[in-house]
Amino acid sequence: MLYNPADQRPFELQAASKDSELLERFDSEIRTQVPHIIGGAVANPTPMVEVTDAFLECARSEYGLHLRKGVRVFAKFDSKIVGGSVKVRPAVSIIGDAITEGKLRRGQTVFEATSGNFGLALGWLGKLGIDVVALVSRRLQPGVVDQLRRDGVRLVNLDIDICPAPGMKGDADELMAKGVAASVRQQLEELGFDPKLFDGSRGEAEKLLARQDAIGLAKLLADTYGGFCTEQYDNELNVQVHTSVTGPEIDQQLSVEGTSLGRADFICTFGTGGTAGGLSRYVETRHKRKGVRVVFPFSGQDVAGIRTKEKSAGLRFYDPDAYLGEHEVDFEEATRLFEFFNRKGYDVGESGALALYACMQLINYGVGKEFVVMVADGASKYASEVRAVARRGKRDQVRLDEAASAIEDYAGVVWVHNMFVPRAEGIRVIASSLRCDESEVKVADVRDVQAVLNGGDPSEEFEKLLPRDDRSILVVCMAGNTSLMLAKVLERRGIAAESLIGGIVGLPESRGKQPFELVQIASPV
Ligand SMILES: Cc1ncc(COP(=O)(O)O)c(C=O)c1O
């Protein structure tokens, strides 16, 4: 496929701008391996399986629900696609288009702000001679980080999912942005990029980071280093691929079962909105109805790869008017379904489990008869995380009043952040707020915090800060996010830790103070 007839430019121009050998390899090794249209039909579809019996059994045995007979539930296992998730579809479409258009050639780097699966979906690019750098936030599950690394995707860790206390916003954001930019520069240098080029865009990078705009940063890095940014949150192909392939693919499979998306509701979760948008458009055009129900975890719940409703609002592809319904359900409750289905041998990840759990709730409330539920990815990279949630049953974060009133019950108070350390005034404020002695507030080394968050091994110094008995430690950070993530990682290692909600900037005693009075960057670059 050296010549693209859809391309209106003269052949010489097309041939000159495009990496034809790359395109040929891409077509034979990648594009044909994933669902695609050939002669009006979808080749290589992912499996769609009727799971009604297992579903009804799960409702009965795990939740005591006796659901009405006559419902049918099909699971669409995108967990079985080469590359392991629904994100492979847009990734292949976007990269294919970029190669065809001459925007991506061997030797270039692809930059993407990813929630994990999109980065994994780009992992195969390495074997075609293209590097992938994923900008990831602390909220990625360690299992996902491990898999990204195994796939050769190079990571730049950001810590921008942080929300300073009201009244401190501007300054705290600026301080954060400088800290994160310093860390990004260092990480880029470690990955072999020339840090001086980054310095030329550093002001712009800090502005983007102050707005917590990881997507903008990925674009900036692509510009700075002559790479390509997939822009999954803005790229129309992310939606289109579901309209042109996933929708017809499901109908093709449903027709064998004597039904279609004209009758069955499609249920999916929301990351970028590509799946929800693409399927909505397909069902609307083909069947003249709204057919997509979008599922979100409860506000504040952290489910890998997907968003809560409040974090979806404002995204380009979030379009509630196009959906048949929006449903917020409890992820903690869904973990029982996750375990049940995986015990039965179905490969269902967190997001698919949440969608199936929402389907159960709908049926319980008498809504709908036939459903197709998107199982967006598999379980392997999440199993330990979900088991930890299910086993724990106890809190991993705590409010200031609760922590202060039971401060003697903790094995210690430890400041944990991978960029900032408290100044003497910060230590004083933490100790005074928690009503403990300043000497009891320990500070973990930033490198140890980074190592633990990345699933690596911290130093012996860090081990000394951990409890020797089954008591918890109280971990405190800037705004309560890094400490929460760390508490979760420690929990998986069998160490009880509780994160102070709101962090140092959330303490009443911090009000009116500038962040730099309380903390400083640990090792400026
Ligand atoms: C596990 C998982 N489920 C669902 C989604 C949602 O997909 P979309 O981006 O199409 O909304 C994503 C990714 O974004 C994901 O990683």
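# Briefing: Helices, Sheets and a Ligand Shell

Helices α19 and α21 lie oblique to each other. The structure that contains them is a predicted model.

- Helix α19 covers residues 446–453 and helix α21 covers residues 482–492.
- The two helices pack at an angle of about 60°, and their axes are 9 Å apart.
- Angles under 35 degrees count as roughly parallel and those from 65 to 115 as roughly perpendicular, which is why α19 and α21 are described as oblique.
- The crossing of α19 and α21 is left-handed.

**The open sheet**

- An open sheet is formed by 6 strands, in the order β3-β4-β12-β9-β10-β11, and its pairing is mixed.
- Strands β3 (48–50) and β11 (325–329) stand at the edges; each has a single partner strand, so one side of each has no neighbour in the sheet.
- On average, neighbouring strands of this sheet are turned by 25° against each other, direction ignored.
- Within the sheet, strand β9 (residues 265–269) and strand β10 (residues 292–297) run parallel and are joined by 4 bridges.
- Opposite Thr269 stands Val295 in β10.

- Strand β6 spans residues 131–136, and because 6 of its 6 residues are buried, the strand is largely enclosed by the rest of the structure.
- In a regular strand, side chains alternate between the two faces of the sheet.
- In β6, Asp131, Val133 and Leu135 point one way, while Val132, Ala134 and Val136 point the other way; all are buried.
- Strand β5 (residues 109–113) pairs with β6 in the parallel sense over 5 bridges, and Thr109 has Asp131 of β6 as its bridge partner.
- Strand β7 (residues 154–157) also pairs with β6 in the parallel sense, over 4 bridges, and Ala134 has Leu155 of β7 as its bridge partner.

**The shell around the ligand**

- There are 20 residues around the ligand, of which Gly271, Gly274, Gly305, Ser351 and Ala376 come nearest.
- By class, this shell has 12 polar, 6 nonpolar and 2 charged residues.
- Helix α12 (residues 274–287) supplies the largest share of the shell, namely 3 residues.

**Helix α9**

- Helix α9 covers residues 202–210, and its buried residues are Ala205, Glu206, Leu208, Leu209 and Ala210.
- An α-helix has 3.6 residues a turn, so residues three or four places apart point the same way.
- After α9 comes Gln212, whose phi is positive, near 60°.

- Asn44 is a residue other than glycine with a positive phi, near 55°.
- Asn44 is located in the loop between β2 (41–43) and β3.
- With 14 other C-beta atoms within 10 Å, Asn44 is partly exposed.
- Lys288, a residue other than glycine, has a positive phi near 55°.
- Lys288 is located in the loop between α12 and β10.
- A residue counts as exposed if 12 or fewer other C-beta atoms lie within 10 Å of its own; Lys288 has 9 and is therefore exposed.

Key:
Residues are numbered from 1 along each chain as its sequence is written. This is a predicted model: local features need pLDDT of at least 70, side-chain atom pairs count only at pLDDT 80 or more; totals for chains, interfaces and linings use all residues. A residue is near a molecule or strand if its C-beta atom, placed from the backbone, lies within 6 Å of it. Ala, Val, Leu, Ile, Met, Phe, Trp, Tyr, Cys and Pro count as nonpolar, Asp, Glu, Lys and Arg as charged, and the others, Gly among them, as polar. Two strands pair if DSSP finds at least two bridges between them. Axes are lines fitted to C-alpha atoms, for helices over the stretch in contact, and angles run from 0 to 180 degrees between N-to-C directions. A residue is buried if 20 or more other C-beta atoms lie within 10 Å of its own, exposed if 12 or fewer, and partly exposed in between; C-beta atoms are placed from the backbone. Angles under 35 degrees count as roughly parallel, over 145 as roughly antiparallel, 65 to 115 as roughly perpendicular and the rest as oblique. A crossing is left-handed if the near helix is turned anticlockwise from the far one by less than a right angle, and right-handed if clockwise.
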